[in-house]
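Biologist: I am new to this model. Please take a close look at the charged side chains that pair up, and walk me through them.

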Amino acid sequence: MTRFYLDGQLYDAREGESVLDTLIRHGQQVNYSCKKGVCKTCLVQHLEGDINIGAQRGLTSGLKARHYICACQAVVSDELKLKSILPHDLFTPAVLEQKQYLNQSIVRIALKVEQGFIHQPGQYINLRRFDGVTRSYSLTNSPSDDLLELHVRRKYNGQFSDWLYHQANIGEKLLVQGPMGASSYDSQCQDNKLIIIAFGSGLGVAVSIVREALSHQHQGEIHLYVGGREMDDLYLHAELLQMMLEHRHFFYHACITGHHDVMPTGRRVMLGDPFNEAVKAHKFDRQQHLFLCGEPSLVNQSRKMAFLNGFPIERVHTLSFEYKDLRTRPRDS
């Protein structure tokens, strides 16, 4: 057994166990979401003792300077001493100002943040409600807007997303942490072809990247591939068709991935997987950038397939929506 302290309380950890897993095993109520060091919801402050390099991987220089570490990535060492972080040290107050249902499973949430908030499309925030439950969501609007916009998919047994969809009201007070993440549009790639693939609710953040590129007068072709099981999943379909008419170098490809006996007609929709359609249409090379947005399993699988198809891994930008899966049975891939 290896011992460590959190807020002066002693915990016994198993060999190679993370701080987060130890706390969960001891029945402690700890905020976490992805357990992969991505969401930054399980941060604690390091006071004494040795920490592994991975404990601070992905943190900003400001968070590192305050000696913050990710509990899910910190491997317990003897006599390690940690301190819990108070919400006001990391979070900014926000108010829910707008709420709009985009389809039967996705709701648009717009937040007013009390302090200045600078972000880029492709970054994400941590959103915390009154009881401390915290989840990560990608931002879907321009950094010049006054509000922060999120497209949230209501998940089966989703403690936070279901609350946002059904119960959260205008005027609801929340806390916001961020922005975080670096998978955003870079104007230095202005002449390159952009291939952006969205799975499910990844559509919102994918469109925000397209808009950002267009606002910077991007010169290369921009191809957006969107996948959904039903037409209802293509909730920005009409808007994207209009955008394609307004920008000659922007191309929108709508893909239905579910099983259909009859091909949708008159709507510029194809049957097939968005990644496979992109592979068939484009020969990957070093003059392109690939953005993958949405469900983690689909994003990670597509990233692997892109590499196997010869796409330079440094030009693959992933925005996977990691979440805490509360199912008693594993999710189907």
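Modeller: Start with Lys-155 and Glu-295. They form a salt bridge, with the closest N and O atoms 2.8 Å apart. A salt bridge here is a side-chain nitrogen of Lys or Arg within 4 Å of a carboxyl oxygen of Asp or Glu. The pair links distant parts of the chain, 140 residues apart. Lys-155 sits in the loop between E10 and H4, and Glu-295 in the loop between strand E16 (288-294) and helix H8 (296-308). Helices (H or I, at least four residues) and strands (E, at least two) are DSSP runs, numbered from the N terminus. Glu-295 counts as buried because its relative accessibility is 18%. Buried means under 20% relative accessible area, exposed over 50%, and partly exposed in between (1.4 Å probe, protein chains only).

A word on the basis. This is a predicted model, with residues numbered from 1 along each chain as its sequence is written. Local features need pLDDT of at least 70, side-chain atom pairs count only at pLDDT 80 or more, totals for chains, interfaces and linings use all residues, and side-chain values use heavy atoms, leaving out hydrogens and water.

Next, Lys-81 pairs with Glu-48 in a salt bridge, at 3.9 Å between the closest N and O atoms. Lys-81 is in strand E5 (residues 80-84) and Glu-48 in strand E3 (residues 43-48), so the bridge ties parts 33 residues apart in sequence. Lys-81 is partly exposed at 31%, and Glu-48 is partly exposed at 44%.

Arg-25 and Glu-17 also meet in a salt bridge, 2.8 Å from N to O. Arg-25 is partly exposed at 32%, whereas Glu-17 is buried at 11%. The whole structure holds nine salt bridges.
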